[in-house]
Structures are given as structure tokens and as C-alpha cells.
Amino acid sequence: DGNLLSKPLSHPDFFNVKELFSLKDLFDARVHLGHKKGCRHRFMEPYIFGCRLDQDIIDLDQTMQHLQLALNFTAHIAYRKGIILFISRKRQFCHLVERTARECGEYAHTRYWQGGLLTNAHIQFGPGVRLPDLIIFLSSLNNVFEPHVAIRDAAKMNIPTVGVVDTNCNPCLITYPIPGNDDSPTAMELYCKLFRMTIIRAKDKRRQSEIFNELQ
Amino acid sequence: TLRLIYTTTAVRRKNVGASGPEKYTEAFIKKQIEEFNLGKRHLANMMGEDPETFTQEDIDRAIAYLFPSGLFDKQARPMMKHPTEIFPEQRKIQWGEDGRPFHFLFYTGKQSYYSLMHETYEKLLNAQKYQDQLTAQDLSPQKEKKNLAGNRWLTKIELEEMLLEKLSDVDYSRFIQLLQKLLTLPCGDIEEKYIQKFCKEVPAQLKKVVIEPLKYDERGVAFSTGEGTRKTARATAVVYDNGTGKITVNGIDILHYFPVLQDREQLLFPFQFLDRIGKHDMVCTVSGGGRSAQAGAIRLASAKALRSFVTEQEVEFMRQAGLLTVDPRVKERKKPGQEGARRKFTWKKR
């Protein structure tokens, strides 16, 4: 059983997440499109490739690297049976995100965030709650264009975060930021598809390894 | 882990408010159900009835007989009901042994409400897809007008009971708006079943007042009866047709029974209104109340009796004149700290 948990950690890409996406897929899904120059956040400047007619273009090579790291991390968390929470405060994609979470067997929160959900969990839910082990932000701003409260709360509760950061977002407190578009429906569907496939793949691998270990 | 440096006894004290309302364990409720069933059999034995066929109504009657109580509040009297009715239904623990919650929206806080919204929105999207398919095939969507008149949406309290969760007014209004939007789309039978879960029938409150037909006595004269009340007086009047205008109260002529002109005017008012003063005879019985109350009661009784002799339009006129409405005014009770119902004790400045 020590083998079960340590074997994936020895490989750099145990779950082979690189084959799930390519640069062309990201381009076709319009992931490279950012907001206008005036909306640009100071800390997103390293991730921006350039500016065309006042609209920022995100560097897809960097996005590829970050996306690969993030998907690898989620796959490891799913392999070790961690709780994953999807957060997105975009009303357009709330149904899509909830559907993705239900299909993976993980959890979603696309509604109004009550203040003490993570920090005051023992009183809000009851003693003995298990908090999420990974939080995935499919849009890191809330409806008033401010950084989502959950980023700060997750940092307080030592919960790692993966987040899609657009050109007007603050990537500081997110452990695995993914610079990319969070407003187009095609981009969101692509992200949902990728996360769903990684999580299902990781869970299948875990089940196979357990059966393999039992047979031995 | 945090190391405790210094605390006061106030910190150690149990925070009664923080733990929320009392939680009943499953074992406790099971024990209560067993005790209830045993008690039911004992009670049946005591009353001398069959323990097997002892229903809840029998229990209520037995308790009312064995423990008579004069308390006004029904909830304060002794009662014996099944534990599921007494202890409110509560949520059991929402997560399994490994700590993973069962519901995918558990971390939102209001999982049942948000899952309801999710399902309703899915129905909406399905309806839109169906509509798009129909327009792509150039078929017009079927428009069946549903009968919305006798239905109402569930109230907020009923929805809270359904979901076992507290809702806010905003949440409730949002949900009703979603359902109304779903109704406006040309959706088929698929969604109707889903929407009917949140509809309730309103029983028709229109009570058509039935005007009794005329009855004929042995001489062949048409007559009809009416009843009337005013304050504490109760009166019944029998109005005969082809009469001379004689009115008898409790076997006594009205001139002798009601010496005051005002009371006799009250009696004659319905006949005067319908221009039938000399055409009808009346025999009435009255009890209770005072002089004026008895007059008012007989007036109402005679007006009700006259409805059978008269056209519908004239009945409507009588109703608008106030001849057919029961006067709800009764003597107001005297309150403590005051001389009468309204009169206060004399106020002295010093």
C-alpha cells in the first residue's frame, strides 16, 4: 500500500495529461483572448503575450505549461481520494459547472458564498466535517469583479487552489494559476471537459491499482 | 496543534446557543416510538377496548376522558401523539465514513434548495432545446392553455417543509420566478408533471346562496320560512302569501309586543322596500336579546323568507340595501384596569 501512494509521485507525468489538450485546441476554444488594456491586472503582465487593438492576448505556451501542472496536480489529488470543490460565480456557466462536478462525483459551489463556509465550517455544518482538499476556480472573480472570498479562505485553511485567471484577475494567492479566458462558452466547456477527463482517469487508475494490489 | 496558554472559566463554559436546536438521535426516536406503542396498548386495556384496533381518534377521546382539562389553549392540554408528529424531522449527518459528503452541492450550505434550482433550470434548458428542435423541423409548438385559475404556488413555509431547510424570501421569490418562466415556454407533458409538484388547488370559495322554493300548506297558500339573529336574539319567521298584512310575534300581535314605533318600523322595512305591505301575513317566534335586538332579528328572518317570493334582481337590491346581511355587532367585553369596554377610570392629575 505504500507502493500505491508513492508510485505515482515518482513519475513527472504519471497520468499522461499532456495528451488531453494541444495548442490548437486552446486556440480554437479562444482561450488566448483577454480583456481590454484598461482592465489589465499588474500581476498578469508576465502571462500576457501582447496587445492587439487594445485587447490583451494571453501567451498560450505559458498556459500550456501551467495547465499541464494544474491537471497533473488535480489528477494526483483525485488519485488519493481527495475532495475537489469547483467554484465559479459566472451565472452563464453555473449549470455547466454543477453538471461537470456531478458527473465527476466531486462537489461544486456556484452560488452566493456565505462568509464562514470554510473558516467557520464546524459551526455551519456540524462537528466532524471534512473540508475540500482542492479548490478549482473556473472564474476567480465574483459578480462585483472582486477576487473571490474563497481564494483568501483557502489560503487561510491551507487548502491548495487551482484557478483559471483572466487578464483582470489577481493570480497571487492561487497555488496553480492557469492564465486563460474565463468568459467564452467554448473556453469554459474546454476546461470542464479537461478537468472531468483528468478526474475520471485518475479515479479509474486508482481503482485498477487497488484491484491489482488485492490480486497480488 | 495550538497550545493553550491561559484561559478563564468563562471560556470553558458550555456555549448553549452555538450548538443550535436540540438534536434527537435515531435511537432516542426509536425508543419513543416503542414507548408510545406500549402506552397505546395500556390505554386500550384501561378503556376496555381492543388494543389491535385502537386508532388515533380513540386515543384522543380516551385522553380527554381520563385527563379532563379546562385550559383554553388546545396545545396546552395533555395529548398523546405519535413521536414523528411531536419531534420535528431533522437532517441526519450528511457525510459518510470516509468524510465525503453525499450530496454534490453540500458545500453550498443550502443543498436541497440549490439542487432544486439546478433541476428546474435543467428542465428549462430541455424545454428550450425541444422548442429549437421543433422550429428546426418547422413544426409549430402545441399551445394548450392550462387552467391556471384554480391553482396556486406552494407557500414559503410549505417549501421549507418540503426541503427541510430554512429559506429566505429572496430565494423563494427566485424559485417562483423560475417556475413561472418555465410555464411561459411552450413546454410539453414532460415538465407539467414536474411543475405539478409545486402547485396546489385552491378550493372554489364562491358559495352560491340557494334560494329555497315556495312551499304550499293545507289551504293552498304559499309560504316560506327564514331565520335571523341579532346580538343574542334568535328569530324564525313564516311569511304567508295572499295576506292582509297581519304580523304575529310569539302568538301576540305586534302592537302589543312592540309598543315602540321604532321596532315596528324595523319589522315593516323589508315589506316597504318591496312594496308588498298589505300583501303578506307573518307569524314569527323570537327568543333572547332585548327589545331592539328581537326587532332586528325578525327583520332579517322576514327578509330571508321574502327572497323566495321575489325576482333575482330584487334579491340583489335587498342585499345592497343591507337587508340580508347579519349584523356582526355584539357587546364588547369589559377589560381589567378600565371601567367598561372603552371607558377608563377617572384620571386624576395628582
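## Getting started

This is a predicted model, where local features need pLDDT of at least 70 and side-chain atom pairs count only at pLDDT 80 or more, while totals for chains, interfaces and linings use all residues. Residues are numbered from 1 along each chain as its sequence is written, chains are lettered from A and ligands numbered from 1 in the order in which they are written, and side-chain values use heavy atoms, with hydrogens and water left out.

That pLDDT score is the predictor's confidence in each residue, from 0 to 100. Chain B averages 87, and 95% of its residues score at least 70. The model as such scores ipTM 0.92 and pTM 0.72. Helices (H or I, at least four residues) and strands (E, at least two) are DSSP runs, numbered from the N terminus.

## How chain B is divided

Chain B comes in domain 1 (26-86), domain 2 (106-139 + 147-201) and domain 3 (215-321); such bounds come from an automatic or database domain assignment. Between domain 1 of chain B and domain 3 of chain B, the C-alpha centres lie 52 Å apart.

## A mixed sheet in chain B

Look in chain B for an open sheet of 6 strands, in the order β3-β4-β5-β8-β6-β7, with mixed pairing. Here, two strands pair if DSSP finds at least two bridges between them. β3 (215-216) and β7 (252-253) of chain B each have a single partner strand, so one side of each is left without a neighbour in the sheet. Strand β6 (residues 247-249) of chain B pairs with β7(B) in the antiparallel sense over 2 bridges, and B:Val249 has B:Ile252 in β7(B) as its bridge partner.

Helix α11 (residues 291-306) of chain B packs on this sheet, touching β4 (222-230), β5 (233-240), β6 and β8 (281-287) of chain B. Touching, or contact, means heavy atoms within 4.5 Å. The helix direction makes about 140 degrees with that of β4(B); axes are lines fitted to C-alpha atoms, for helices over the stretch in contact, and angles run from 0 to 180 degrees between N-to-C directions.

Over in chain A, β4(A) pairs with β6(A) in the parallel sense over 5 bridges, with A:Ser139 in β6(A) as the bridge partner of A:Ser88. β4(A) also pairs in the parallel sense with strand β5 (residues 107-109) of chain A, over 3 bridges. There, A:Ile87 has A:His109 as its bridge partner. Then 3 bridges join β6(A) to β7(A), which run parallel too, and A:Phe137 stands opposite A:Gly163.

How many of the 5 residues of β4(A) are buried? The count is 5 of 5, where buried means under 20% relative accessible area, exposed over 50%, and partly exposed in between (1.4 Å probe, protein chains only). A:Ile84, A:Phe86 and A:Ser88 cover one side of β4(A), and A:Leu85 and A:Ile87 the other. β7(A) also has 5 of its 5 residues buried: A:Thr161, A:Gly163 and A:Val165 point one way, and A:Val162 and A:Val164 the other way. In a regular strand the side chains alternate between the two faces of the sheet.

## Nonpolar cores

A nonpolar core is a set of buried Ala, Val, Leu, Ile, Met, Phe, Trp, Tyr and Cys residues joined through side-chain atoms within 4.5 Å. The largest one has 41 residues, and those touching the most other members include A:Val31, A:Ile84, A:Phe86 and A:Leu138. Among the elements that each supply at least two residues of this core are α3 (60-79), β4 (84-88), β6 (134-139) and β7 (161-165) of chain A. A second, separate core of 29 residues includes B:Ala222, B:Cys284, B:Val286 and B:Leu323.

B:Thr25 is in the loop between α1 and α2 (26-47) of chain B, and counts as exposed because its relative accessibility is 52%. B:Thr25 and B:Gln90 are 65 residues apart in sequence, yet 9.5 Å apart in space, C-alpha to C-alpha.

B:Gln111, in helix α5 (residues 111-136) of chain B, is buried, with a relative accessible area of 9%. Not counting residues up to four places away in sequence, B:Gln111 touches B:Arg91, B:Gln94, B:His103, B:Leu105, B:Phe106 and B:Glu165.
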